[in-house]
Amino acid sequence: PAACNRGASGIDGVVSTAVGYADGSGSPTTLLIGDLASLHDLNGFHTLHGRRADAPPFTAVVVNNNGGGIFSFLPVAKHGDEVGFDEFFGTPTEAFDFEAGAAAFGIGHRAASSYDGFVEAYGAAAAG
């Protein structure tokens, strides 16, 4: 089954909702989430550390694309530096190290920079 969640601002609480879904449904669960949305609910990853031994597998796929630039679709974006677009609307995430974040929460991390690498990393993560 598929599930979806849209937080109060579209990205709030998505990680926590997915972990809750996995635990409540008892089904193996994969969360596909952007880097910025994952940072807005980063503490949700902490709930993965110390889950009960019989908890269903949970895999998060974080698309790390430096915030995705969603606000660049707003009309104000065409004014760029003139209105301080990057300062006020930019959502850079490159300063965050997802591997270090996973380590801080005591959970596994795998990175991939190619399709084949992703298939391998996802397969290993989903298998537990």
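Visitor: Before we start, what does contact mean here?
Guide: Contact means heavy atoms within 4.5 Å. Keep in mind, too, that this is a predicted model.

Visitor: Good. Then which residues is Thr-91 in contact with, leaving aside its neighbours within four places in sequence?
Guide: Thr-91 is in contact with Leu-36, Asn-66, Gly-67, Gly-69 and Phe-71. Its own place is in the loop between α3 and α4, the latter covering 98-105.

Visitor: Is Thr-91 buried or exposed?
Guide: Thr-91 counts as buried, because its relative accessibility is 16% and the cut-off for buried is under 20%.

Visitor: And what lies 3.4 Å from a polar atom of its side chain?
Guide: That would be the backbone oxygen of Gly-67.

Visitor: You listed Asn-66 among the contacts of Thr-91. What's its phi?
Guide: Asn-66 has a positive phi of about 55 degrees, although it is not a glycine. For background, most residues other than glycine have a negative phi. Asn-66 lies in the loop between β2 and α3, and it is partly exposed, with a relative accessible area of 37%.

Visitor: Where is Phe-71, then?
Guide: Phe-71 is also a contact of Thr-91, and it is found in the loop between β2 (58-63) and α3 (85-89). With a relative accessible area of 34%, Phe-71 is partly exposed.

Visitor: Which residues make the nonpolar surface patch?
Guide: Phe-71 is one of them, together with Ile-70, Phe-73 and Leu-74. The patch is about 430 Å².

Visitor: Switching to charges: how many salt bridges does a search of the whole structure find?
Guide: It finds two. In one, the side chains of Arg-51 and Asp-23 meet at 2.3 Å, N to O. That pair links distant parts of the chain, 28 residues apart: Arg-51 sits in the loop between α2 (35-40) and β2, and Asp-23 in helix α1. Asp-23 is partly exposed, at 28% relative accessibility.

Visitor: What does Arg-52 form a salt bridge with?
Guide: Its partner is Asp-54, and the closest N and O atoms are 2.8 Å apart. Arg-52 is partly exposed at 45% relative accessibility, whereas Asp-54 is exposed at 59%.

Visitor: Now the β1 end of things. Which residues does Thr-29 touch, not counting residues up to four places away?
Guide: Thr-29, which lies in strand β1, touches Ala-18, Tyr-21, Ala-22, Pro-57, Phe-58 and Thr-59. Thr-29 counts as buried, at 9% relative accessibility.

Visitor: What does the Thr-29 side chain reach at 2.9 Å?
Guide: It reaches the backbone oxygen of Ser-27.

Visitor: And Gly-26, where does that lie?
Guide: Gly-26 lies in the loop between α1 (14-25) and β1 (29-34). At 47% relative accessibility, it counts as partly exposed. Leaving aside neighbours within four places in sequence, Gly-26 is in contact with Tyr-21 and Pro-56.

Visitor: Last topic: what span does helix α5 reach from its first C-alpha to its last?
Guide: Helix α5, residues 115-126, reaches 16 Å with its twelve residues, close to the 16 Å expected at 1.5 Å a residue. Just after α5, Gly-128 takes a positive phi of about 100 degrees.

Key. Residues numbered from 1 in each chain as written. Predicted model: local features only at pLDDT ≥ 70, side-chain atom pairs only at ≥ 80, totals over all residues. Heavy atoms only, no water. Helix = DSSP H or I, 4+ residues; strand = E, 2+ residues; numbered from the N terminus. Buried < 20%, exposed > 50% of the residue type's maximum accessible area, 1.4 Å probe, protein only. Expected span 1.5 Å × (residues − 1). Patch = residues over 30% accessible without salt bridge, like charges linked within 9 Å, V, L, I, M, F, W, Y side chains within 5 Å. Areas by Shrake-Rupley, 256 points an atom, 1.4 Å probe, with all protein chains shown as cover. Salt bridge = Lys/Arg side-chain N within 4 Å of Asp/Glu carboxyl O. Polar contact = N/O pair within 3.5 Å; in protein donor to acceptor, adjacent residues only side chain to side chain.
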